[in-house]
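Dear colleague,

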Amino acid sequence: MLPLWWRRWFGDSDADIWHADLKPHASGEFSIAVAQANSCLEDQSEVLTSPSATYIGVYDGHGGPEASRFVSKRVLPYLQKLVSEEGCVSVDVIKKALSVTEEEFLHSVKKSLGRNPDIGWAGSCCLVGAICNNVLYIANLGDSRAVLGKRVNSNKKKVMVQAQAQRLTVDHNVCVEEVRREVKALHPHDSRIVVNTHGVWRIKGIIQVSRAIGDVYLKKPGLGNPLHLRRPVLSAEPAIIVREVDPQDWFLIFASDGLWEQLTDQAAVDIVSKHPRLGIAKRLVRAALQVAANKSNITYHDIKKLHKGNRRNFHDDITVIVIYLDHHNGSSPSKRTFTHNALASTTAPLNIFSSNQDHHPMPPTVA
């Protein structure tokens, strides 16, 4: 096999993408992939599986990695613990897991502000899913997104099966007109609550998302707040949807906005529906990177050569989790891989570059 530096430099591998493929969950299989753009990876993600339920988390941090790392260590374990105590998943249980996480992170930040004032800007979008007893629950804070791939028959003879994209979450981002109206309605006496800065709408000219975990300076007046706010301008109240899983529901895509900035919902669903399962999350990440390269008139190979930090000029951190829903087969083959009361967690690394070693700065001379 070629040396790692050679494969990275000349494009014979995807060493810049971390991925975990086709692991079992209670209703089928799943795949995860992550590409890092920031100097410190701000995306975190996890899938927690048991014989009876599947829990999915995508956490897209901002203002540093502290909030997303904190959330990734707590939300799903809290949720699974509460479900064990209550006996089932519910909207109240999900809200409680997120509320406790928010309270604990804010408490942690307050204790750290004296020695690390910048942590007051740290926050994280939070996209959480749970599948239990053939019911899907999704809670969202921010602009990560969950999209369903639903089977549709392309003709009356049902020869071909295609997939139609159905967005399951709302992007809590003030670039969306409906969200801007919502934020303005909550702050009728603040004409500058949402401003357009260099063509981008932001709350107080600072942040695009209207809901998130953390962001102490945008939620807690006082505390030496540099903005001198009179009231919170961000919310940690999740939007939650509940729906029964239908036999036509084929797969779910949970992803940070790094994917959706490059691919439409339908484009992502088409990729999943038209390709083999093995490596499917990585395939979506690669497709997004190719689109990002095309936008800047460079090649995918050029993107792969960029060092962490420099890549942020071309794309954001990208996290993708594809969850296949195999309930329609009668019994999922993945269930046979679980032992009694087995609980398994698949978590992306804190940093992709450090886990895969940094890119070689330039290829050695070959005689």
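**Pockets, helix packing and salt bridges**

The largest pocket holds about 370 Å³ of space, where a pocket is, on a 1 Å grid over the protein atoms alone, an open set of points at which a 1.4 Å probe fits, with protein on both sides within 12 Å along at least five of seven lines, and lining residues have an atom within 4 Å of a point. The volume is the space filled by probe spheres set on the points, which are joined across faces, edges and corners. Please bear in mind that this is a predicted model, in which local features need pLDDT of at least 70 and side-chain atom pairs count only at pLDDT 80 or more, while totals for chains, interfaces and linings use all residues. Residues are numbered from 1 along each chain as its sequence is written, and side-chain values use heavy atoms, with hydrogens and water left out.

Of the 21 residues lining the largest pocket, Gly61, His62, Arg202, Ile207 and Gln208 are the closest to its centre. Strand β4 (residues 53–62) gives the most to this lining, with three residues, strands being DSSP runs of E of at least two residues and helices runs of H or I of at least four, numbered from the N terminus. By class, the lining has six nonpolar, six polar and nine charged residues, with Ala, Val, Leu, Ile, Met, Phe, Trp, Tyr, Cys and Pro counted as nonpolar, Asp, Glu, Lys and Arg as charged, and the others, Gly among them, as polar.

In the second largest pocket there is about 280 Å³ of space, and its lining includes His187, Asp190, Lys204 and Arg230.

Helices α2 (residues 66–86) and α3 (residues 91–112) pack at an angle of about 140°, with their axes 8 Å apart; axes are lines fitted to C-alpha atoms over the stretch in contact, and angles run from 0 to 180 degrees between N-to-C directions. The residues of this contact (heavy atoms within 4.5 Å) divide into 14 nonpolar, two polar and five charged.

The whole structure has 19 salt bridges, each a side-chain nitrogen of Lys or Arg within 4 Å of a carboxyl oxygen of Asp or Glu. Glu102 and Lys219 form a salt bridge (2.8 Å, N to O), linking helix α3 to the loop between β11 (213–214) and β12 (239–244), 117 residues apart.

Best regards
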